[in-house]
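I opened the notebook to go through one protein chain, piece by piece. The entries below follow the order in which I looked things up.

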Amino acid sequence: MTQIVEPSFRESVDLMFNRAVALMDLPPGLEEKIRVCNATYTVRFGVRLRGQIQTFTGYRSVHSEHMEPVKGGIRFSMGVNQDEVEALAALMTYKCALVEAPFGGSKGGLRIDPRQYDEHELERITRRFAYELAKRDLIHPSQNVPAPDMGTGEREMAWIADQYTRMNTTDINAKACVTGKPLNAGGISGRVEATGRGVQYALQEFFRDAEGMKKAKLTGSLDGKRVIVQGLGNVGYHAAKFLSEENGSLITGIIERDGALYDPAGLDVEAVHQWIVKHGGITGFPDATHTAEGTAVLEEECDILIPAALEGVINLSNAANIKASLIIEAANGPVTAGGDEILRKKGIVIIPDMYANAGGVTVSYFEWVKNLSHIRFGRMQRRQEEARHQLVIDELTRLDEHMGDAWSMSPLFKEKYLRGAGELELVRSGLDDTMRIAYQSMRDVWHERDDAQDLRTAAYLVSIGKVAASYQAKGL
Ligand code: NAD
């Protein structure tokens, strides 16, 4: 029997990169320069916990500095290693280029199971890791700006921001050293849900693409589409919640660490989320079938599959059994290079990670700009906008009175039209616009070039082209 050999995560990303770059005509040496990871820093540090010193291993990898600062999340997980952070840093370079966020790519990770520590212990570990990175400018508003990723969130970002500020007391831009902070610590409205919201906007835009829909053998709207989600964490929970509550999609399967829930009539995402918060897992959730072997549910019949947990979950061993029409990679690297080839041959359309989960870095970009400009979005123009709208309403009110029964303003028009956009509305509008434009740039390549037969290749072609142009403009 031949043994199945799966490439590592970084090798998988390189294989996908190579497939696209072979279709380009880059000057000699430039493709190698873009592909390689510039530097990876490994740190081992000790923290005294529970009466003894515990040693932790962390990484911060910088893939490409064609634009600075470089940007990318910090992950807390036992799976963290050098290969993984380098793969994730490379994806960040391509992602930022695709959505035109002016950053190079980076990523960090700490090998730790955060569930094994209490809040106070985690704060000490996080601050110590942040100290190690900040003293080497691997956390810095103009050099390297981390964000949340698997196992981290607003809380950890607030600790990191505070640690950096304590080390740089006169830096007026200190808050811009990290994004994904809580609102009261320099964050921005809409960042927590941004990646899940971006997945929703990506799907909405895909459903506007008639030719793409035909390739995925899908018809109609998101309403009633059967969706299976793996990982009900930050990204998966928000994506599933918005799709079910706002688009009418049916979340028929939810796969978590401790198995999967399945209900062909659609699960109540909020109820499952609350159950996980209370019980630490999905086990015991009433009103749904529980399967202990969760990954088997990836192979269930559905219209849309959303892997939103880990990398490498769709691979040589199970890709042939996937029945979804469309896969949207909310997680980074959920499909291996081998899995990708099988799915492509089966005609399953994949919306690639570098685009699908770019909502997070997009809103992080807005947060960074907000921190550097030291003012909340909408603060200057909101009331002025409302005053101008009031002029229109006054005129329409006069017309309304004049027309009698023949015409009147629709109910709620006045209220809706009068309301000027606050920060959240502006963030959503900026995110929606970014996701639409980035999709259209991939879509045009996908539909127009015979040699770019899938969205991933199209996405790489667009983003590598932008990174290459940036290096060439610099004269490298
Ligand atoms: P998270 O830690 O909030 O959630 C991960 C979820 O996956 C958790 O609910 C966890 O229980 C579940 N999970 C872990 N192992 C699993 C397994 N073996 N099977 C099924 N479920 C499992 O992390 P997140 O921030 O939602 O990140 C998820 C993915 O999205 C990662 O690949 C991350 O790199 C990517 N991503 C996150 C962001 C962001 O803004 N948070 C942005 C871009 C990409």
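**Entry 1: a strand pair.** In which sense do strand E7 and strand E11 pair, and over how many bridges? I noted first that the model is a predicted one. I then found that E7 (residues 226-230) and E11 (residues 304-307) run in the parallel sense and are joined over 4 bridges. I picked out Val229 and looked for its bridge partner in E11, which is Ile306.

Entry 2

**Entry 3: a hairpin.** As an example I took Arg44, whose bridge partner in E2 is Thr57. The hairpin of E1 and E2 has 2 residues between the strands, and I noted that Arg50 takes a positive phi near 50° there.

**Entry 4: two backbone details.** I looked for a cis peptide bond and recorded one that joins Glu68 and Pro69, with omega at about 5°. Pro69 sits in the loop between E2 and strand E3 (70-71). I also looked up Glu100, which is not a glycine and yet has a positive phi of about 55°. Its place is the loop between helix H3 (82-98) and strand E5 (104-110).

**Entry 5: helices H6 and H8.** How far apart are the axes of H6 and H8, and at what angle do the helices pack? For helix H6 (residues 194-207) and helix H8 (residues 234-246) I have axes 7 Å apart and an angle of about 45°. That angle makes H6 oblique to H8. The crossing is right-handed. On the H6 side I listed Thr195, Gly196, Arg197, Val199, Gln200 and Leu203; they meet Val235, His238, Ala239, Phe242, Leu243 and Glu246 in H8. Sorted by class, this contact has 6 nonpolar, 4 polar and 2 charged residues.

**Entry 6: helices H12 and H15.** I repeated the look-up for helix H12 (residues 359-373) and helix H15 (residues 423-448). Their axes come within 10 Å and cross at roughly 130°. H12 and H15 are therefore oblique to each other. Which hand does the crossing of H12 and H15 have? I wrote down right-handed. From H12, the residues Gly359, Thr362, Val363, Phe366 and Lys370 meet Glu423, Val427, Gly430, Leu431, Thr434 and Met435 in H15. I sorted the residues of this contact into 5 nonpolar, 4 polar and 2 charged.

**Entry 7: domains.** Last, I looked up how the chain is divided. The domain assignment gives domain 1 (31-188), domain 2 (217-347) and domain 3 (380-420). I also noted the separation of domain 2 and domain 3, whose C-alpha centres lie 44 Å apart.

Terms used:
Residues numbered from 1 in each chain as written. Predicted model: local features only at pLDDT ≥ 70, side-chain atom pairs only at ≥ 80, totals over all residues. Heavy atoms only, no water. Domains from an automatic or database assignment. Axes fitted to C-alpha atoms, helices over the stretch in contact; angles between N-to-C directions. Parallel < 35°, antiparallel > 145°, perpendicular 65-115°, else oblique. Left-handed = near helix turned anticlockwise from the far one by under 90°. Contact = heavy atoms within 4.5 Å. Nonpolar A, V, L, I, M, F, W, Y, C, P; charged D, E, K, R; others polar. Pairing = 2+ DSSP bridges.
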